[in-house]
Amino acid sequence: MIVQKEGAAGLKTGWVPTLYGYGAQGLFKFGLNEFFKDLYTAAIGEQNLTSLPAKMTLWAAASGSAEIFADVALCPFEMTKVRMQVALPGTEPAIPKQIVPAMRYMQANA
């Protein structure tokens, strides 16, 4: 149906925000996970992390903390992708099909 209405180019709409969004999410998720592990280890004290359950609890807290920031980094890109994909061609308001103009449009019209 998309190919009939928008042509083959319609299938690639939204892939750039997806690429950047999941790249930002991965950067924050894995980068901040290590940061939070070091931060929480310093706060709790390495001498208090001798048991496996204590280490696993710290790892889970670090992972959860990093995921919060990762999801916040992903959200604007996902919002852009969805708006680009659900905007019907020829309808108003016309959402640009490029990532930067689309994000600027949404910022101005939020």
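**Reading a helical model**

Tutor: This is a predicted model, and of the 110 residues of the protein, 26% count as buried.

Student: What does the secondary structure of the protein come to?

Tutor: One begins by listing the elements. Here there are four helices and zero strands, in the order α-α-α-α from the N terminus.

Student: What radius of gyration does the protein have, and how is the value to be read?

Tutor: The value is set beside that of a compact globule. For 110 residues such a globule would have a radius near 13 Å, whereas the protein has 20 Å. The C-alpha trace spans about 65 × 30 × 15 Å along its principal axes.

Student: How many aromatic pairs does the structure hold?

Tutor: It holds three aromatic pairs. In one of them, Phe-36 and Phe-69 are stacked, with 6.0 Å from centre to centre and 25° between the planes. The pair counts as stacked because planes under 30 degrees apart are classed in that way.

Student: Where in the chain do Phe-36 and Phe-69 lie?

Tutor: Phe-36 belongs to helix α2 (residues 15-44) and Phe-69 to helix α3 (residues 52-86); the two are 33 residues apart, and their pair links distant parts of the chain. Ring pairs also join Phe-35, Phe-36, Tyr-40 and Phe-69 into a cluster.

Student: Is Phe-36 buried or exposed?

Tutor: One consults the relative accessible area, for which buried means under 20%. Phe-36 has 10% and is therefore buried. Phe-69, by contrast, has 45% and is partly exposed.

Notes: Residues numbered from 1 in each chain as written. Predicted model: local features only at pLDDT ≥ 70, side-chain atom pairs only at ≥ 80, totals over all residues. Heavy atoms only, no water. Rg over C-alpha atoms; globule rule 2.2 N^0.38 Å. Buried < 20%, exposed > 50% of the residue type's maximum accessible area, 1.4 Å probe, protein only. Phe/Tyr/Trp six-rings, centres within 6.5 Å; stacked < 30°, edge-to-face > 60°.
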